[in-house]
2 protein chains.
Amino acid sequence: MLAPWRSPLARALHRHRRQPQARYLQLATVTPEGYPANRTVVFRGFRDETNQLRIVTDARSGKIAQLLQQPWGEICWYFSESREQFRLFGSLVLVAQDSPDPALQQERQQIWQRLSDTARSQFAWPHPGAARDHRPESFAVAPPEPTAPLAEFCLLLLEPQRVDWLELCGEPQNRWRYVRDATGYWQQAAVNP
Amino acid sequence: MLAPWRSPLARALHRHRRQPQARYLQLATVTPEGYPANRTVVFRGFRDETNQLRIVTDARSGKIAQLLQQPWGEICWYFSESREQFRLFGSLVLVAQDSPDPALQQERQQIWQRLSDTARSQFAWPHPGAARDHRPESFAVAPPEPTAPLAEFCLLLLEPQRVDWLELCGEPQNRWRYVRDATGYWQQAAVNP
């Protein structure tokens, strides 16, 4: 069942459908040492029949160690035209090459197939964050097979538990909080901006 | 002395000078329970003669308890026209009404003065995040005095320790890492995107 915050989020996405950067959002995690980390990732749609947001990531990226230790994240998503912010706090599920769940593995393969050749090629680049590899051939890789995800390719699912929606354009501003209770039901309340 | 990442950041800000939302950035912190938190805040410029980013916040907001426990934050700042991301990890200094440092207190007063009446009024609104106050008069407050900051008004300074600059538009993309060493010197290196 779709959570109640899905409608306003779908409206914001529709309103910004001509701006590719409206699908960029910021994902915060916590490092094993307890420090905050924050980076921009691309929204790859919701997993069918769920409220899980799909993100892709490289198995060699820093966030992997972070979410193995602390599997919770908070997304901050700002829409500049409609002046709205969605904060989505939830658990993170990593679907790597060795993930045993067949349904999740199938999902990983499908998302890989839908990526562009350019996006797929990045998973064949040298280790992200390592000292710069200046050999041009290291980045001029042949596009990987669309049917077989590279080992470095991971799918990341965020299952929201709490959502905060702020509309800056109201007078005064409007803000709603949604919390998923133990039975899976979403409680919803207007709160002060 | 200006840190070496200040020039590319100044260029990005200049290039986006007609887009007010380019001064919106995402600040990640850690809750006392060890969970990530993430929200959009407005960049209020650098403190003179320093590399400290200025942000304003409400003493009643959730991030206050977070940064008292874990005074580190990571900013993620994405510039949509130039397709660049800056990640700034650093320590957070809260300048509240009772902060004893006279220089910081003066800075707090100056930033308060530069806010618009609308921005100042928000600090006189009902408790943010509490159940919605539906009385229109609660939000229709008289603009506070520009010379005397309300008790709720806090200045927040982020002193970067590590910066990661990613240019998505390169072929391949370009990425630099800057780290401030114990002597205050910024080490700089090209890394793989």
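For 193 residues, a compact globule would have a radius of gyration near 16 Å, and the 18 Å of chain A agrees with this; the radius is taken over C-alpha atoms, and the globule rule is 2.2 Å times the number of residues to the power 0.38. The model is predicted: local features need pLDDT of at least 70 and side-chain atom pairs count only at pLDDT 80 or more, while totals for chains, interfaces and linings use all residues. Residues are numbered from 1 along each chain as its sequence is written, and chains are lettered from A and ligands numbered from 1 in the order in which they are written. The C-alpha trace of chain A spans about 55 × 35 × 35 Å along its principal axes.

Chain A contains five helices and eight strands, in the sequence order α-β-β-β-α-β-β-α-α-α-β-β-β. Helices (H or I, at least four residues) and strands (E, at least two) are DSSP runs, numbered from the N terminus. Of the 193 residues, 31% count as buried; a residue is buried if 20 or more other C-beta atoms, placed from the backbone, lie within 10 Å of its own, exposed if 12 or fewer, and partly exposed in between. Among contacts between residues at least 6 apart in the sequence of chain A, 59% join residues at least 24 apart, a contact being a pair of residues whose C-beta atoms, placed from the backbone, lie within 7 Å.

Helix α2 of chain A (residues 62-69) has A:K63, A:Q66 and A:L67 as its buried residues. Viewed down the axis of α2(A), these fall within an arc of 90°, so they line one face of the helix; the arc is that of the directions from the helix axis to the C-beta atoms. The exposed residues A:A65 and A:L68 are carried on the face turned away from the buried side. The cover over the buried residues of α2(A) includes β1 (24-30), β2 (36-42), β3 (53-58), β4 (72-79) and β5 (84-95) of chain A.

In chain B, strands β1 (residues 24-30) and β2 run antiparallel and are joined by seven bridges, where pairing requires at least two DSSP bridges between two strands. B:Q26 has B:T40 of β2(B) as its bridge partner. Five residues lie between the strands of this hairpin, in which B:G34 takes a positive phi near 90°. Strand β2(B) (residues 36-42) has five of its seven residues buried, so it is largely enclosed by the rest of the structure.

Most residues other than glycine have a negative phi. A:E49, in the loop between β2 and β3 of chain A, has a positive phi near 65° and, with 8 C-beta neighbours inside 10 Å, counts as exposed. B:R83 lies in the loop between β4 (72-79) and β5 (84-95) of chain B; its phi is also positive, at about 55°, and with 16 C-beta neighbours inside 10 Å the residue counts as partly exposed.

The contact between the chains takes 39 residues from chain A and 39 residues from chain B. On the side of chain A that touches chain B, the elements giving two or more residues are β1, β2, β4, β5 and β8 (186-191), and β4(A) gives the most, with six residues. By class, this side has 21 nonpolar, 13 polar and five charged residues; Ala, Val, Leu, Ile, Met, Phe, Trp, Tyr, Cys and Pro count as nonpolar, Asp, Glu, Lys and Arg as charged, and the others, Gly among them, as polar.

The same surface serves both copies, as 100% of the contact residues of chain A recur in chain B.

Methods. Contact = placed C-beta atoms within 7 Å.
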